[in-house]
Amino acid sequence: MLRFLILSGYFELMMYLQVSGKLDQYINVHYRYLAILSMILSALLALVQLYVWVKSDSAKRDHDEHHQDEHHHEEHDHGLSTPWQRGIAYVLLALPIIVGTLFPTVSLDTTIVEAKGFNFPVSKESVGDPEMQTQYLKPDTSIYFNKSDYLDQMNQLKAKYGDKEKITITDENYLEIMELIYNYPSEFIGKKISYEGFVYQTPNGEQEDSFLFRFGIIHCVADSGVFGLLTHMPDRISIKNDEWYKVEGTIQSDYYEPFKREIPSVEVSKATKVAAPKNQYVYRSF
């Protein structure tokens, strides 16, 4: 019975995330088919467990108490011989459902950046997981490829965007273009660029530096990060954290004192305040 309830809970949770659109905050949308597959498998396995439970319940009515005990022992032991062992196993299996149901999802904003700070190229903190690294500014997919395959991928992207005088960044190509700009900044200096994101201002000595960011997911939330460029807004524009802007400008390079290095930036010629998109995340396509 418990196995049926847990498996049906997985099905219902995945269905809820699909229908509500909240699945996009957990995994790359390009992997949605995996979530659909897991939902289907959960439903099938739940039906199997329902059949086993009904059959077992029917068998109990047809046998005496001695045979019932033997049947129960043979069918449900599986190495978990005591109630507390089975209890722990069921709790662990149900944990994702509990977390997904009781813990709300929230849209990320500048408070997340302020809480963690940001470093370049990759933060060394791991949010409690030694295998999890939060990325900042530059999306880095090199950790998922060997060196030659990664260079081949970058060369393909350079061929795709390298000859364009104006680069229009959309939700679909946001992360791949940002990775190109940070990997090969000299090849993009002087090119026109347009993109949108939310404002994040950070102190730098006596002045405040402004970044235009998007939160992005490479594979899943474990390798998510905040990605974007340092921007030099026109003096006539007054900006605030979390405001969304669409900017047009020219890519240049600036020495950024907190990082002790040159980073790409945008000299903004036109900035238009826009509404935050319904889905504030961007995703890496492969």
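Colleague: With which side chain does the side chain of Q153 make a polar contact?

Modeller: A word on the source first: this is a predicted model, in which local features need pLDDT of at least 70 and side-chain atom pairs count only at pLDDT 80 or more, while totals for chains, interfaces and linings use all residues. Residues are numbered from 1 along each chain as its sequence is written, and side-chain values use heavy atoms, with hydrogens and water left out. A polar contact is a pair of N or O atoms within 3.5 Å; within protein, one must be able to donate a hydrogen and the other to accept it, and residues adjacent in sequence count only if both atoms are side-chain atoms. Here the side chain of Q153 makes such a contact with the side chain of R284, at 2.6 Å.

Colleague: Where does Q153 lie, and is Q153 buried or exposed?

Modeller: Helices (H or I, at least four residues) and strands (E, at least two) are DSSP runs, numbered from the N terminus, and Q153 belongs to helix 6, residues 147-161. For accessibility, buried means under 20% relative accessible area, exposed over 50%, and partly exposed in between (1.4 Å probe, protein chains only). Q153 has a relative accessible area of 14%, so the residue counts as buried. If neighbours within four places in sequence are set aside, Q153 is in contact (heavy atoms within 4.5 Å) with T141, F145, R284 and F286.

Colleague: How many salt bridges are there, and which residue does R284 meet in one?

Modeller: Side chains of opposite charge can pair when their charged atoms come close. The rule asks for a side-chain nitrogen of Lys or Arg within 4 Å of a carboxyl oxygen of Asp or Glu, and by this rule the count comes to seven salt bridges. In one of them, R284 meets E179 at 3.3 Å, N to O. This pair links distant parts of the chain, with R284 in the segment after strand 8 (281-283) and E179 in helix 7, 105 residues apart.

Colleague: How many residues of helix 7 are buried?

Modeller: Helix 7 is mostly covered, with nine of its 10 residues buried; among them are E176 and E179.

Colleague: Which residue does K158 meet in a salt bridge?

Modeller: The side chain of K158 meets that of E187 at 3.7 Å, N to O. K158 lies in helix 6 and E187 in the loop between helix 7 (174-183) and strand 3 (192-204), so the pair ties together parts that are 29 residues apart in sequence. K158 is partly exposed at 22% relative accessibility, and E187 is partly exposed at 42%.

Colleague: How many bridges join strand 3 to strand 6?

Modeller: Two strands pair if DSSP finds at least two bridges between them; strand 3 and strand 6 are antiparallel and joined by seven bridges, with Y195 opposite V247 in strand 6. Strand 6 also pairs with strand 7 in the antiparallel sense, over 13 bridges, and there I251 stands opposite V266 in strand 7. Strand 6 and strand 7 form a hairpin with four residues between them, and K260 in the turn has a positive phi of about 55°.
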